[in-house]
Amino acid sequence: MSFDVEVKMSPLVFSIGKKAPLACFVILLFSATRLEAAPPGRRGDVGATGRFWHITDLHLDPSYHLAPDPTKVCFSSKGEPASDAGPFGAFPCDSPYRLIQSVFLHMDHLVQPEDFFIWTGDSPPHVPVDELSTEMVIQVMSNMTQTIRQHFPNITVYPAVGNHDYWPQDQMPTSTNDIYKAAARLWKPWLQTDALQTLREGGFYSQLVYPGLRVVSVNSILYYGPNEATANISDPAGQFEWLEDTLKRAEQRMEKVFIISHVPIGFLPFARNTTAIRKADNERLVDIFRAHSSVIAGQFYGHTHRDSIMVLLDQKAVTPFKDVYRPYSNNPAVRLYLYDTDDFGILDIWQYYLNLTEANLKQRADWKLEYTMTDTFGVTDLRPASLLQLALSLWLPPTSTFDTYYSHFIVSYNNQLLCRAECKVSQLCSMLYLDQASYSICVTQQQQQKLLVSNPSSNKPL
């Protein structure tokens, strides 16, 4: 597993494997060198700055150990040789506990009393179905929950369920079950009674962070393609109706909303014409988010183990969100978000990463600041207008800005890897066009021109 601290840019990613990196935006490991300190948060003053950390895709693999046979290092490699195995993990494997524990130990010195965490799912490893059970999944979720509480007893965490947080994986049902009930029991110290009730019933909830800011945790596994339990249901667990009602009430109360979920909406940036959730459900979610874009201050996802941005275009608003995906491996990363406590717009991202190969060779984890987003891309903040400006600039020559973006997409795994032609079309079309019609037009135009010369600036953001 790897840590993508979104370091995806928004979650903490622990999974290092090609198939399953952790995604924790703000998790750091032991460091022998001094890390650049993240800016302090302030709340209550006009123009004050708030902070939150994003953890995701921890994918703990309890079987991880250093073995003479590289195919026996971890169950999660499914027989792929882990020739680069070391104390902090290996690229074909999910996360060893030492990697996860070291990140939290480092964060102990960085987290401030008024910070909060978002945790977007997937604690168990990527292993064959017969290697797990409902009881084992609950045990891993309990292990990760208790580890977080041990390190941060006074910090509120807002979790979301992932597709691996169920057994058999992906098959999350529409009603109360042992996993939902276990999640409600484990997360009771963080969540209020109303949130715990809908979590037990459908795996989703809403909760006020403090006056003016609400977290809405969406169970995107109900819409996930491999989930056969919900394949022919138009509104699984009634979540669409609940989500619209929740956003309407937030607007009436003059609240802003952070959407958190595991599987992102939109099209995958590394696979042509492929959505992460079922296409019909993607269209419906995009419509809901567009209709309530004035309320939604940001969306934060895990699952993909990559660092990317998307901008939801419409006639009235632009809603930014982050997600992670994969066709290459990625280094572990963790991320800290800064936001404006007046309008709750996202101001910046501080992303830290660990060079896993170097850490295993040195037998120590030297976490480093990979980048701050405003400095790296020359934007004033990460509000919708700024992110749209950044997204549009990536279409234009020269390619250096896009190359920098792509390097961070794979968390500085290999700066020699370049994304050109069809790869770049997939990246950029998925960044701006989240519904089927506009995405198809984008891809078709680029294929016809064979060059990235179209000017998407004619699209008017919401």
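Modeller: Happy to. Please keep in mind that this is a predicted model.

Colleague: To start with the overall picture, how many helices and strands does the chain have?

Modeller: Of the chain's 462 residues, 63% count as buried. The accessible surface comes to about 17000 Å², and carbon and sulfur atoms own 51% of that. As for the elements you asked about, the chain has 12 helices and 12 strands.

Colleague: Among contacts between residues at least 6 apart in sequence, what share joins residues at least 24 apart?

Modeller: A contact here means heavy atoms within 4.5 Å. Taking the contacts in the chain between residues at least 6 apart, the share that joins residues at least 24 apart is 69%.

Colleague: Let us turn to the disulfides. Which pattern do they follow, with bonded cysteines counted along the chain?

Modeller: A search of the whole structure turns up 3 disulfides. One joins Cys 74 and Cys 93, another joins Cys 419 to Cys 423, and Cys 429 pairs with Cys 442. Counting bonded cysteines along the chain, the pattern is 1-2, 3-4, 5-6.

Colleague: What is the handedness of the link between Cys 74 and Cys 93?

Modeller: The sulfur atoms of Cys 74 and Cys 93 are 2.1 Å apart. Cys 74 and Cys 93 each lie in the loop between β1 (49-55) and α1 (97-107), so the bond ties together parts that are 19 residues apart in sequence. Cys 74 is buried at 4% relative accessible area, and Cys 93 is buried at 0%. The torsion about the S-S bond is about -85°, so this disulfide is left-handed.

Colleague: Which helices hold Cys 429 and Cys 442?

Modeller: The sulfur atoms of Cys 429 and Cys 442 are 2.0 Å apart, and with -80° about the S-S bond their link is left-handed. Both cysteines are buried. The pair is 13 residues apart and links distant parts of the chain: Cys 429 sits in helix α11, and Cys 442 in helix α12 (residues 436-449).

Colleague: Now the aromatic rings. What kind of pair do Tyr 223 and Phe 240 make?

Modeller: The structure holds 23 aromatic pairs, and this is one of them. The ring centres of Tyr 223 and Phe 240 are 4.5 Å apart and the planes meet at 10°; planes under 30 degrees apart count as stacked. Tyr 223 is buried at 0% relative accessibility, as is Phe 240 at 0%. The pair is therefore stacked.

Colleague: How are the rings of Phe 300 and Tyr 337 arranged?

Modeller: Phe 300 lies in strand β7 (residues 296-300) and Tyr 337 in strand β10 (residues 333-340), so their pair ties together parts that are 37 residues apart in sequence. Phe 300 is buried at 2% relative accessibility, and Tyr 337 is buried at 0%. Their centres are 5.0 Å apart and their planes stand at 75°, so the arrangement is edge-to-face.

Colleague: Over which ring does the charged end of Arg 98 sit?

Modeller: Two charged ends are worth a look. That of Lys 424 sits over the ring of Phe 402, 4.9 Å from its centre. The charged end of Arg 98 is 4.8 Å from the centre of the ring it sits over, and that ring belongs to Phe 88.

Colleague: Let us finish with the backbone. Which two residues does a cis peptide bond join?

Modeller: Most peptide bonds are trans. Here omega is about -5°, and the proline involved, Pro 168, is in the loop between β3 (157-159) and α3 (178-186). The cis bond joins Trp 167 and Pro 168.

Colleague: What is the phi of Met 254?

Modeller: Most residues other than glycine have a negative phi. Met 254 is in the loop between α5 (239-252) and β6 (256-260), and at 73% relative accessibility it counts as exposed. Met 254 is not a glycine, yet its phi is positive, at about 60°.

Terms used: Residues numbered from 1 in each chain as written. Predicted model: local features only at pLDDT ≥ 70, side-chain atom pairs only at ≥ 80, totals over all residues. Heavy atoms only, no water. Helix = DSSP H or I, 4+ residues; strand = E, 2+ residues; numbered from the N terminus. Buried < 20%, exposed > 50% of the residue type's maximum accessible area, 1.4 Å probe, protein only. Phe/Tyr/Trp six-rings, centres within 6.5 Å; stacked < 30°, edge-to-face > 60°. Lys NZ or Arg CZ within 6 Å of the ring centre and 35° of its normal. Areas by Shrake-Rupley, 256 points an atom, 1.4 Å probe, with all protein chains shown as cover. Disulfide = S-S within 2.5 Å.
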